[in-house]
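Hi there,

Here is the structure I promised to pass on to you. Have a look at it first, and my notes follow just below.

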Amino acid sequence: LPRVLSGIQPTAGSFHLGNYLGALRQWVAMQETAEAFYCVVDLHAITMDWDPEELRRNTLTAAAQLLALGVDPGRSTLFVQSHVPEHVRLSWVLECVARFGEASRMTQFKDKSQREGTAGSSVGLFTYPVLQAADILVYQADEVPVGEDQRQHLELTRDIATRFNGRFGDTFTIPAARIPEGAAKVLDLQAPEKKMSKSLPPAGCVFLLDDPKVTAKKIRSAVTDTGREVVADPEGKPGVTNLLGIHSALSGRSVAELEQHFAGRGYGDLKKELAEVVTEFVTPVRERTQQLLDDRAELERVLARGAERAREVAGRTVREVYDRVGFLPPA
Ligand code: ATP
Ligand code: MG
């Protein structure tokens, strides 16, 4: 079976539609045909300003949402990144293999460092793609289901792994990104030139755990474009195209079919129907998440079992890497 690894940050109290359509939907599907490792990447969540209590709560909520969305701990290994110290142990070695120049080219750092500036951003924000490379390589993953925004980080991971293998002998599997065909980049409803994001000002971010009224309101007040026809046109009508893309991904109807369906009707009709489609999808997810959070002890047991399984696999890779780079084994 191919091995799959992916992670999601607990940087907010809820995931959003972009996370689901770009990544998590594939996580669930891929468990059928792969040996999957899925983690809540809490180490990544401290690269920008954070609150410790909130982080702990968000980590549990993230795990509960993953289960509610269909991650099956009987089939996949679900864990919290900080419970598996091998990620960090590998990351340091990879930091010494990665080049400052290649890390400097990561556009996500450019986006996320805008608020604090380069000088005021944490070193962790700069090096986090290398930790992400470690997350992937430590499991010898073949495939990584992610949204479009992670393509560049995956390339960096492949470059680091290839360089390491060339210098120290074949050690790492070179992973491939699995980016979905539709909805790989869901845009912010208020700023359809930006991707929907948990940690940047989330005015137009539709969270899965939002109250349905809030969801409807966010969709109602989505920025639309000039003109009045409901047709997809990524250049001329990014807002409407985004709404159509979300509808299509959730309803399973093609964009062409939806254009037909909305022919002669306006943006208001599209928004009204989309709010219904989204609410129908998120309502059972919200309920199930709450049930899972109500039994915290069981949730923690699931995560403990996952971490134990993850450590077995990750430990093998770190032992091999530490030997190859010349670290003296502990006596
Ligand atoms: P943050 O703002 O904290 O980076 P995020 O919303 O970008 O949060 P991540 O935890 O960084 O979420 O990413 C989790 C997964 O969701 C990744 O695979 C990422 O590619 C995917 N993803 C994030 N945003 C979108 C989006 N707008 N459209 C499609 N996929 C997305
Ligand atoms: Mg992100």
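Let me start with glutamine 140, which is buried, with a relative accessible area of 17% (buried means under 20% relative accessible area, exposed over 50%, and partly exposed in between, with a 1.4 Å probe and protein chains only). Glutamine 140 sits in the loop that runs between helix 7 (123-137) and strand 4 (143-145). Its phi is positive, at about 55 degrees, although the residue is not a glycine. Most residues other than glycine have a negative phi. Alanine 183 is another residue other than glycine with a positive phi, here near 60 degrees. You will find alanine 183 in the loop between strand 5 (176-178) and helix 9 (212-220).

Before going further, some housekeeping. This is a predicted model, in which local features need pLDDT of at least 70 and side-chain atom pairs count only at pLDDT 80 or more, while totals for chains, interfaces and linings use all residues. Residues are numbered from 1 along each chain as its sequence is written, chains are lettered from A and ligands numbered from 1 in the order in which they are written, and side-chain values use heavy atoms, with hydrogens and water left out.

On confidence, the chain averages a pLDDT of 96, and 100% of the residues score at least 70; pLDDT is the predictor's confidence in each residue, from 0 to 100. The model scores are ipTM 0.99 and pTM 0.97.

Now the overall picture. The chain has 13 helices and five strands, where helices (H or I, at least four residues) and strands (E, at least two) are DSSP runs numbered from the N terminus. Along the principal axes, the C-alpha atoms fill a box of roughly 75 × 45 × 40 Å. Buried residues account for 52% of the 331. Of the contacts between residues at least 6 apart in sequence, 76% join residues at least 24 apart (contact means heavy atoms within 4.5 Å).

A few more residues are worth a click:

- Leucine 243 belongs to helix 10 and counts as buried, at 1% relative accessibility. Not counting residues up to four places away in sequence, leucine 243 touches Leu189, Ala222, Thr224, Leu270, Lys271 and Leu274. Leucine 243 and valine 93 are 150 residues apart in sequence and 43 Å apart in space, C-alpha to C-alpha.
- Alanine 232 lies in the loop between helix 9 and helix 10 (238-251) and is partly exposed, with a relative accessible area of 33%. Leaving aside neighbours within four places in sequence, alanine 232 is in contact with Thr241, Leu244, Val255 and Glu259. Between alanine 232 and proline 284 there are 29 Å from C-alpha to C-alpha, and the two are 52 residues apart in sequence.
- Alanine 191 is in the loop between strand 5 and helix 9 and counts as buried, at 12% relative accessibility. The C-alpha atoms of alanine 191 and phenylalanine 262 are separated by 23 Å, and these residues are 71 apart along the chain.

Happy browsing, and do write back with any questions.

Best wishes
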